Amino acid sequence: MSEAKPASMSRTTMTDIIFPSDTNYHGTMFGGVVMRYIDKIATIASMRHSRRGVVTASSDSLDFLAPVKVGEAILLEAFVSWTHRSSMEVYVRVESENLFTGERKTTATSFLTFIALDDQGKPTPVPAVIPETEEERRLFESAEGRYQARRKRKEERESNS
Ligand SMILES: CC(C)(COP(=O)(O)OP(=O)(O)OC[C@H]1O[C@@H](n2cnc3c(N)ncnc32)[C@H](O)[C@@H]1OP(=O)(O)O)[C@@H](O)C(=O)NCCC(=O)NCCS
C-alpha cells in the first residue's frame with residue numbers, strides 16, 4: 001500500500017446546465033440523472049485516490065434535499081472521506097445554482113463505497129486518507145461507524161439469503 005494522501009488529492013468538481021431532457025414531468029431534474037452524476041464523480045474521486053480501477057460496492061445514503069429546475073446549473077463536489085483496506089468511502093455534495101440570481105441550494109448529499117481492484121479484478125489495498133479541513137475531519141472521524149453499519153447490513157443480508 002502506498003503513502004497516505006490528503007483528501008484534497010481526490011477532490012473532484014463537475015458543473016453542468018440542466019436541459020429539458022434531464023427533467024421529469026414536474027420540470028425538475030430526474031432523480032436517476034442526479035444518481036448518474038453522483039456515481040460518475042465518485043468514481044473519478046476514488047480513482048484519483050487509489051490510482052486503480054474501482055467498482056461501486058454500495059450507496060448507503062442518498063438524500064434529495066431540494067429539486068433542481070430546468071435551466072439551472074448543477075454543481076457536484078466529491079472526495080474520498082475515509083478508507084479501510086480496499087474500500088473507500090466517497091462523500092458527494094450536489095448543489096443547484098440559479099444562473100440569473102446566483103442563489104445556490106444543496107440539492108443532495110450521498111455516501112458511496114468504492115472498492116479498488118488489482119489487475120486480476122480482486123480487492124486491493126488503498127492509501128489512507130489525511131483529512132485537513134474541518135469538513136474532512138468531521139467526516140473522517142464519523143466514518144468508522146458508517147463502515148461498521150455497512151458490514152452489519154452485509155452480514156444480515158448474507159444470513160437471510
Ligand atoms: C464489491 C465487491 C468487489 C466486493 O467483493 P467481496 O467478495 O465482498 O470482497 P471482500 O469480502 O474481500 O471485501 C472487499 C471490501 O469490500 C467491502 N464491501 C463488500 N461489500 C460491500 C458493500 N455492499 N458495501 C460496502 N463495502 C463492501 C468490504 O468491507 C471490504 O472492504 P475493506 O477491504 O476495506 O475491509 C463485489 O461484491 C463486487 O464485485 N460487486 C459488484 C460491483 C459492481 O458491479 N458494481 C457496479 C458497477 S461498477
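Reader: Which distance separates an oxygen atom of the ligand from an N or O atom in the side chain of Ser-87?

Author: In this predicted model, the separation between the Ser-87 side-chain N or O atom and a ligand oxygen atom is 2.6 Å. The cut-off for a polar contact is a pair of N or O atoms within 3.5 Å, so the Ser-87 pair falls inside it.

Reader: How far is an oxygen atom of the ligand from an N or O atom in the side chain of His-84?

Author: For His-84, the distance from a side-chain N or O atom to a ligand oxygen atom is 2.7 Å. Tyr-147 also places a polar side-chain atom 2.7 Å from an oxygen atom of the ligand. The side chains of His-84 and Tyr-147 are themselves joined by a polar contact of 2.9 Å.

Reader: How much of the accessible area of the ligand does the protein cover?

Author: On its own, the ligand has 930 Å² of accessible area, and the protein covers 56% of that.

Reader: Which of the 14 residues around the ligand come nearest?

Author: The shell around the ligand holds 14 residues, and the nearest are His-84, Arg-85, Ser-86, Ser-87 and Tyr-147. By class, the shell has five nonpolar, six polar and three charged residues. Two or more shell residues come from each of β3 (53–64), β6 (104–117) and α2. With four residues, β3 gives the most.

Reader: Where is His-84 found, and is His-84 buried, partly exposed or exposed?

Author: His-84 sits in the loop between β4 and β5. Partly exposed covers the range between the 20% limit for buried and the 50% limit for exposed. His-84 has a relative accessibility of 38%, so it counts as partly exposed. Sequence separation and spatial distance can be read side by side here: His-84 and Pro-125 are 41 residues apart in sequence, with their C-alpha atoms 8.2 Å apart in space.

Reader: How should I read the pockets? What is the volume of the largest pocket?

Author: The largest pocket has a volume of about 420 Å³. Its lining has 13 residues; Ala-57, Ile-115, Arg-150, Arg-151 and Lys-154 lie nearest the centre of the pocket.

Reader: Which element supplies the largest share of the lining of the largest pocket?

Author: That is α2, with seven residues. At least two lining residues are supplied by each of β3, β6 and α2. The lining of the largest pocket divides by class into six charged, four polar and three nonpolar residues.

Reader: Next, the cavities. How many cavities of 30 Å³ or more does the structure hold?

Author: There is one cavity of 30 Å³ or more. About 30 Å³ of space lies in the largest cavity. A cavity differs from a pocket in that a 1.4 Å probe fits inside but cannot get out.

Reader: Which residues line the largest cavity?

Author: The lining of the largest cavity consists of Trp-82, Thr-83, His-84, Ser-87, Met-88, Glu-89, Thr-113, Tyr-147 and Arg-150. Elements that give two or more residues to this lining are β4 (73–83), β5 (87–97) and α2 (134–160). The most come from β5, with three residues. Three residues of the cavity lining are nonpolar, four are polar and two are charged. His-84, Ser-87 and Tyr-147, listed here as lining residues, are also among the residues nearest the ligand.

Reader: Now the backbone. Which residue has a positive phi although it is not a glycine?

Author: Arg-51 has a positive phi of about 55°. The residue is placed in the loop between α1 (31–50) and β3. Its relative accessibility is 62%, so Arg-51 counts as exposed.

Reader: Is Glu-97 buried or exposed?

Author: Buried means under 20% relative accessible area. Glu-97 has 17%, so it is buried. Glu-97 belongs to strand β5, and its side chain is joined to that of Arg-104 by a polar contact of 3.4 Å.

Reader: What is the relative accessible area of Val-55?

Author: Val-55 has a relative accessible area of 38%, which means that it is partly exposed. Its place is in strand β3. Val-55 and Ser-2 are 53 residues apart in sequence, and their C-alpha atoms are 20 Å apart in space.

Terms used:
Residues numbered from 1 in each chain as written. Predicted model: local features only at pLDDT ≥ 70, side-chain atom pairs only at ≥ 80, totals over all residues. Heavy atoms only, no water. 1 Å grid on protein atoms, 1.4 Å probe; cavity = no way out; pocket = protein on both sides within 12 Å on 5 of 7 lines; lining within 4 Å. Points joined across faces, edges and corners; volume = space filled by probe spheres on them. Nonpolar A, V, L, I, M, F, W, Y, C, P; charged D, E, K, R; others polar. Near = heavy atom within 4 Å. Polar contact = N/O pair within 3.5 Å; in protein donor to acceptor, adjacent residues only side chain to side chain. Areas by Shrake-Rupley, 256 points an atom, 1.4 Å probe, with all protein chains shown as cover. Buried < 20%, exposed > 50% of the residue type's maximum accessible area, 1.4 Å probe, protein only.
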